[in-house]
Amino acid sequence: MSEKSTTIEGKRWYTVLAPEQFDRAELGETVAEEPNQVVGRTIETTQGEMEGDQGQNNNKLTFKINDVGSDAAYTEFIKYELTRDYLRSLVRRGASKVAANVTLLTTDDYRVQMQPVALTTQKADRSQEQAIRSVMVDIVENAAEERSFEQLVDSVVEGRVSSAIYGEAKEIYPLRRVEVQKLTLEARPAEVAAEEEASVDVDESAE
């Protein structure tokens, strides 16, 4: 921790740390008068910055501070997305862009939204695009059914979900690239349970 960790003009600097699954990498620093003012703040970085790999700078990660220590702020993962410039660079005139938007529930009851995208080498017809989309949806749904939230995030960040889609969908039509353009945390287990309980209450009152 740098000397800025000491109190300056009534404020304290906190080192922001990534979750344990990202090896507690330092994400930056934030300052506040009180620890509770830090909770809820978000910080963006790239996978390249975290791993020291410039080739991964197209992958943005967003974390949210959910706990504070004496001079450290701890975070949870809330979003993975590709940069807009990179997404635009993938699109080619005369080719197809097939996208899907799927809401998923992991084995430990985290609800996430995943948006895979496949880019073809040439223009595919509508039935081929529908078949590719169906493969994407099936693979990401199966991925969530078999994984915890942390495992699903790892499989997206490390490119395993994209590779699985590519391997199967290329049999339908030649593909140039498959990516997960966004993965977003929508609800934690307690929030999902509360929603389900409220839904049951509504259903019972309607009877």
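The dialogue below walks through several features of a predicted model, each taken first as a general idea and then as a case.

Q: Before going into detail, how many helices and strands are there in the protein, and what does its C-alpha trace span?
A: There are 6 helices and 9 strands in this predicted protein model, and the C-alpha trace spans about 65 × 55 × 25 Å along its principal axes. Of the 207 residues, 41% count as buried, and among the contacts with a separation of 6 or more, 58% are accounted for by residues 24 or more positions apart.

Q: How should I read salt bridges, and how many does the structure hold?
A: Side chains of opposite charge can pair when their charged atoms come close. In this structure there are 11 salt bridges, one of which joins Arg188 to Glu76, with the closest N and O atoms 2.6 Å apart. That pair links distant parts of the chain, since Arg188 is in the loop between strand S9 (175-187) and helix H6 (189-206), while Glu76 is in strand S5 (residues 72-82), 112 residues apart.

Q: Are the two partners, Arg188 and Glu76, buried or exposed or something in between?
A: Arg188 is partly exposed, with a relative accessible area of 24%, whereas Glu76 has a relative accessible area of 16% and is therefore buried, the cut-off for that class being under 20%.

Q: Which other residue forms a salt bridge with Glu186, and where in the chain are the two?
A: Glu186 pairs with Arg111, their closest N and O atoms being 3.2 Å apart. This pair also links distant parts of the chain, with Glu186 in strand S9 and Arg111 in strand S8 (residues 111-120), 75 residues apart. Both residues are partly exposed, Glu186 with a relative accessible area of 35% and Arg111 at 21%.

Q: Which residues are linked in a network of salt bridges?
A: Lys60, Lys79 and Glu81 are linked in such a network. Within it, Lys79 forms a salt bridge with Glu81 in which the closest N and O atoms are 3.7 Å apart; Lys79 is partly exposed, with a relative accessible area of 24%, and Glu81 is buried, at 12%.

Q: How is the packing of two helices described, and at what angle do H3 and H5 cross?
A: Two packed helices are described by the angle between their axes and the distance between the axes. The axes of helix H3 (residues 126-146) and helix H5 (residues 160-169) come within 10 Å and cross at roughly 140°, which makes H3 oblique to H5. Their crossing is right-handed. On the H3 side, Ile132, Val135, Met136, Ile139, Val140 and Ala143 meet Val161, Ala164, Ile165, Glu168 and Ala169 of H5.

Q: Which residues of helix H4 are buried, and what follows the helix?
A: An α-helix has 3.6 residues a turn, so residues three or four places apart point the same way. In helix H4 (residues 149-157) the buried residues are Phe149, Leu152, Val153, Ser155, Val156 and Val157. H4 is followed by Gly159, whose phi is positive, near 85°.

Q: Where is phi positive in a residue other than glycine?
A: Asp23 has a positive phi near 60°; its place is in the loop between strand S1 (12-17) and strand S2 (26-32), and at 69% relative accessibility Asp23 counts as exposed. Asp109 has a positive phi near 70°, is found in the loop between strand S7 (102-105) and S8, and is partly exposed, with a relative accessible area of 38%.

Notes. Residues numbered from 1 in each chain as written. Predicted model: local features only at pLDDT ≥ 70, side-chain atom pairs only at ≥ 80, totals over all residues. Heavy atoms only, no water. Salt bridge = Lys/Arg side-chain N within 4 Å of Asp/Glu carboxyl O. Helix = DSSP H or I, 4+ residues; strand = E, 2+ residues; numbered from the N terminus. Buried < 20%, exposed > 50% of the residue type's maximum accessible area, 1.4 Å probe, protein only. Axes fitted to C-alpha atoms, helices over the stretch in contact; angles between N-to-C directions. Parallel < 35°, antiparallel > 145°, perpendicular 65-115°, else oblique. Left-handed = near helix turned anticlockwise from the far one by under 90°. Contact = heavy atoms within 4.5 Å.
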